[in-house]
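Biologist: Could we go through this model together? I would like to begin with the pairing of strands.

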Amino acid sequence: MVSSPHEAMHRIFQQYPDLFSRVSEVLGVDIPPPTSATALPTDLTEARPVERRVDTLLRIETEHDGPFVLAIEAQGKKDPRKTASWPYYVSYLHNRYGLPVLLLVVCQDLATAEWAARPIAIGVRQWQTLALNPLVAGPHNMPVITDVAEARKDLALATLAAITHADNPDVGAILKTLSAALRDTPEAIADPIVELTAQGLGNRPAAQQWRNLVAVDLSFYKSFMSEEIRDEGRAQGRAQGRAQGRAESLRLVLEARGITITDEIREKIDNCNDPRLLHVWLNRAATAASVEEVFAGE
């Protein structure tokens with residue numbers, strides 16, 4: 001099953017095709033900036049019933065060096081099958097389009113990045129018929145951007161950097177910088193950044209940090225995530241309201257039945273935000289002979 005981080009790591013290049021020129025610069029490869037980029041079909045299936053599909057495929061145009069094909073793979077873990085499929089992708093694409101082909105692999109953990117960066121050689125010991133050298137972007141070489149001005153200068157690169165550093169202990173500072181850089185940014189620009197970052201963080205703890213930052217800093221964008229946050233806020237508000245109502249009812253029932261409420265018990269009731277637990281206590285209070293019976297086992 002394809003995960004959200006997997007989708008974000010390559011979809012960001014669909015959203016911002018010229019991002020590759022900045023990534024290649026970070027990786028120390030002199031690729032000229034594109035003059036245009038066109039999304040190509042990602043289905044590499046042949047007539048025979050063997051399906052092969054690359055994650056994202058772009059035709060990149062440059063001003064002086066001509067066009068090339070960029071294949072982007074989002075890699076969440078080591079996969080020995082890729083040593084066969086990646087050379088196939090490159091050979092097939094070169095044959096199909098008659099253009100130079102580059103393979104970029106995007107990772108979120110160091111071990112996978114180191115594995116993906118290994119050259120793939122096809123041939124015999126005495127002679128390599130084919131050698132594949134993937135470009136790899138990951139936590140080992142993507143910048144840690146904690147300067148708002150730097151993030152604002154290149155939001156797409158800042159987003160990819162945040163995604164690739166999803167497991168970085170300092171990811172909170174990275175996300176805070178990105179959210180601050182998005183303040184006062186038009187929604188048409190900010191929305192894809194918000195979505196891709198949320199997708200890229202997956203179900204990591206950092207995802208909740210990002211949701212909180214979006215809620216506070218970015219005035220609830222009209223996106224699936226902001227809608228979800230708003231729904232959660234409404235649900236939490238309703239739950240809080242129920243809890244407060246049941247806490248008040250519980251105190252009234254205890255007082256009406258002559259059961260003494262100490263400061264400790266009052267604090268216990270007031271600090272409980274679980275409507276279901278308060279409902280249990282309220283039911284017990286209707287028949288309990290003492291306060292101990294109400295809170296038995298709690």
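Biologist: How many bridges join strand β4 to β7?
Modeller: Strand β4 (residues 101-107) is joined to β7 by 3 bridges, and the two run parallel. Two strands count as paired if DSSP finds at least two bridges between them. Helices (H or I, at least four residues) and strands (E, at least two) are DSSP runs, numbered from the N terminus.

Biologist: Before we go on, where do these values come from?
Modeller: This is a predicted model, in which local features need pLDDT of at least 70 and side-chain atom pairs count only at pLDDT 80 or more, while totals for chains, interfaces and linings use all residues. Residues are numbered from 1 along each chain as its sequence is written, and side-chain values use heavy atoms, with hydrogens and water left out.

Biologist: Back to the strands, then. Which residue in β7 stands opposite valine 106?
Modeller: Alanine 137 in β7 stands opposite valine 106.

Biologist: Is alanine 137 buried or exposed?
Modeller: Alanine 137 is buried, as its relative accessible area is 0%. Buried means under 20% relative accessible area, exposed over 50%, and partly exposed in between (1.4 Å probe, protein chains only).

Biologist: What does alanine 137 touch?
Modeller: Leaving out residues up to four places away in sequence, alanine 137 touches Val23, Leu27, Leu104, Val105, Val106, Cys107, Met142 and Thr164. Contact here means heavy atoms within 4.5 Å. Alanine 137 and alanine 74 are 63 residues apart in sequence, and 9.7 Å separates them in space, C-alpha to C-alpha.

Biologist: What is the order of the strands in the sheet?
Modeller: The order is β1-β2-β3-β4-β7, an open sheet of 5 strands with mixed pairing. At the edges are β1 (34-39) and β7 (135-137), each of which pairs on one side only. From one strand to the next, the twist averages 25°.

Biologist: And which strands does helix α1 touch?
Modeller: Helix α1 (residues 4-15) packs on the sheet and touches β2 (56-62), β3 (68-75) and β4. The direction of helix α1 makes about 160° with that of β3. Axes are lines fitted to C-alpha atoms, for helices over the stretch in contact, and angles run from 0 to 180 degrees between N-to-C directions.

Biologist: Where does helix α2 lie?
Modeller: Helix α2 (residues 19-26) lies across β1, β3, β4 and β7, and runs at about 75° to β4. Serine 24 is found in this helix. With a relative accessible area of 1%, serine 24 is buried. Apart from its neighbours within four places in sequence, serine 24 is in contact with Val29 and Ile31.

Biologist: How many residues of helix α6 are buried?
Modeller: In helix α6 (residues 155-164), 10 of the 10 residues are buried, so the helix is largely enclosed by the rest of the structure. Among them are Leu155, Thr159 and Ile163.

Biologist: Let us change topic. How many aromatic pairs are there?
Modeller: The structure holds 4 aromatic pairs. One of them is tyrosine 88 with tyrosine 92: the ring centres are 5.8 Å apart and the planes at 20°, so the pair is stacked. Rings of Phe, Tyr and Trp (its six-membered ring) pair if their centres lie within 6.5 Å; planes under 30 degrees apart count as stacked, over 60 as edge-to-face and the rest as tilted.

Biologist: Where do those two tyrosines lie?
Modeller: Tyrosine 88 and tyrosine 92 both lie in helix α3 (residues 82-97), 4 residues apart, which is about one turn of the helix. An α-helix has 3.6 residues a turn, so residues three or four places apart point the same way. Tyrosine 88 is buried, at a relative accessible area of 17%.

Biologist: What is the phi of aspartate 184?
Modeller: Aspartate 184 has a positive phi of about 65°, although it is not a glycine. Most residues other than glycine have a negative phi. Aspartate 184 sits in the loop between α7 (171-182) and α8 (187-201), and counts as exposed at 82% relative accessibility.

Biologist: Finally, how many disulfides are there?
Modeller: The count comes to 0 disulfides, a disulfide being a pair of cysteine sulfur atoms within 2.5 Å. Cysteine 107 counts as buried at 0% relative accessibility, and cysteine 272 is buried with a relative accessible area of 11%.
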